[in-house]
Amino acid sequence: MKALLRSILLCLMVGTPALAEPTPSATINQNQQSIIGTWSTNIFNQSIVIIFDNTGVIKIVSEKTYGDYKYYELAEYNKLMDQISNESFKLDPDLKYKQQGNSLEVTHPDGRIEKNTLDFVNSGRTLNLSRENNSESVAVFTKVSDSNEISKNTESLTTLEGHFQGLRKLVALQTAQSDYWVQKKRFVSQLTNLNSKIKPMPNSDRSYRYELLKQGQRQSIIAAIPTQPNLRSFVLQLDRVGRRQQPFNGIICGTDRPSDQIPPLPQFKKKELVCAPKTHQVDLNYSIESSLLKSSQPRAIH
């Protein structure tokens, strides 16, 4: 999947046929309508919230709901997860906008300016966005509120970095486990043996502690439990399944809410490995098997 911010830009500036047209309604006086406020739309089955603040800055977050818990993620979350093996990351600069009547100019970080036309309908609660000199709708937004600030229930950059650090070492530990299995045909029974096979990760160790919950000849389960507030706990289960091209099956689950407890372990349902209730699967946007297994040049295990 493309980075979320890139998807937003695509829908704002290029257009997508996936968005449905709104129910026709009488258009009101454009000069009386301001885009400032919080709007929502749906892109690639993802609920997106876009805030046009009163300083000319566009903020984008994605809405997440797990059970009765709803929160918001920064638009860079998926990009960060794509960079799980990198040393660092940075958020892209904010988009800037300027509204004049029914005209909307959006300025990209590289200085490019896109010109769009606004069409407020349904007493200003629905907004059709089209490219200048083109009546075809690019995106349809629904007004959420007049607030031009990000919700307090949005995960902070500190939280984002904390999750990154926790997942980074969790993946590294299970990668070391898969390497060990390639050499010894079994998994390590002591986490200290795995720590000696990976590079030091002090930032990860400051945010999380790690426990080897279960290991056997064909299975390894490691959990990452936060030592800092407002972080989720994670568990990564790795099973040896015996296929030549895909010898491991794995899943990463995170708690729905922040938690400092060991998360529930994944479960098998209808012969499929799934996350337990009150947890959800963490999608790193690439195959877990390929990210964990590096058997082409296995490291020496003593």
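**Exercise: two hairpins**

In the hairpin of β7 and β8, find the residue between the strands that takes a positive phi, then work out how β8 pairs with β9.

*Solution.* Start in the hairpin of β7 and β8, where four residues lie between the strands and Asn122 has a positive phi near 55°. Before going on, please note that this is a predicted model, in which local features need pLDDT of at least 70 and side-chain atom pairs count only at pLDDT 80 or more, while totals for chains, interfaces and linings use all residues. Residues are numbered from 1 along each chain as its sequence is written, and side-chain values use heavy atoms, with hydrogens and water left out.

Next, take the strands themselves. Helices (H or I, at least four residues) and strands (E, at least two) are DSSP runs, numbered from the N terminus; two strands pair if DSSP finds at least two bridges between them. Six bridges link β7 (residues 113-121) to β8 in the antiparallel sense, and Phe120 has Leu127 of β8 as its bridge partner.

Now step on to β9 (residues 137-145), which pairs with β8 over five bridges, again in the antiparallel sense. Here Leu129 faces Ala139 in β9. The hairpin of β8 and β9 has five residues between the strands, and Asn133 takes a positive phi near 65° there.

Finally, look at burial, with buried meaning under 20% relative accessible area, exposed over 50% and partly exposed in between (1.4 Å probe, protein chains only). Of the six residues of β8 (residues 126-131), five are buried, so the strand is largely enclosed by the rest of the structure.

**Exercise: the nonpolar cores**

*Solution.* The largest one has 21 residues, and Leu170, Leu173, Leu194, Tyr210 and Phe234 have the most contacts inside it. At least two residues each come from α3 (157-184), α4 (191-195), β10 (208-215), β11 (219-226) and β12 (234-240). The most come from α3, with seven.

Zoom in on Leu194: leaving aside residues up to four places away in sequence, Leu194 touches Leu173, Ala176, Gln177, Val188 and Ile222, where a contact means heavy atoms within 4.5 Å. A second, separate core of 19 residues includes Phe52, Phe120, Ala139 and Phe141.

**Exercise: the open sheet**

*Solution.* The order is β10-β11-β12-β13-β16, with antiparallel pairing. From one strand to the next, the twist averages 20°.

Axes are lines fitted to C-alpha atoms, for helices over the stretch in contact, and angles run from 0 to 180 degrees between N-to-C directions.

Where do Cys253 and Cys275 lie, and what is the handedness of their disulfide?

*Solution.* A disulfide is a pair of cysteine sulfur atoms within 2.5 Å, and the whole structure contains one. The sulfur atoms of Cys253 and Cys275 are 2.0 Å apart. The S-S torsion is about -90°, so the disulfide is left-handed. Cys253 belongs to β13 and Cys275 to the loop between β15 (272-274) and β16, so the pair ties together parts 22 residues apart in sequence. Both count as buried: Cys253 at 1% relative accessibility and Cys275 at 17%.

To finish, follow Cys253 across the sheet: its opposite residue in β16 is Gln281. Three bridges join β13 (residues 248-255) to β16.

**Exercise: salt bridges**

How many salt bridges does the structure hold, and which parts does the pair Lys169 and Asp205 tie together?

*Solution.* Count a side-chain nitrogen of Lys or Arg within 4 Å of a carboxyl oxygen of Asp or Glu; the total is nine. Lys169 and Asp205 meet at 2.6 Å, N to O. Lys169 lies in α3 and Asp205 in α5 (residues 202-207), so this pair links parts 36 residues apart in sequence. Lys169 is buried at 7% relative accessibility, whereas Asp205 is partly exposed at 40%.

Conventions. A nonpolar core is a set of buried Ala, Val, Leu, Ile, Met, Phe, Trp, Tyr and Cys residues joined through side-chain atoms within 4.5 Å.
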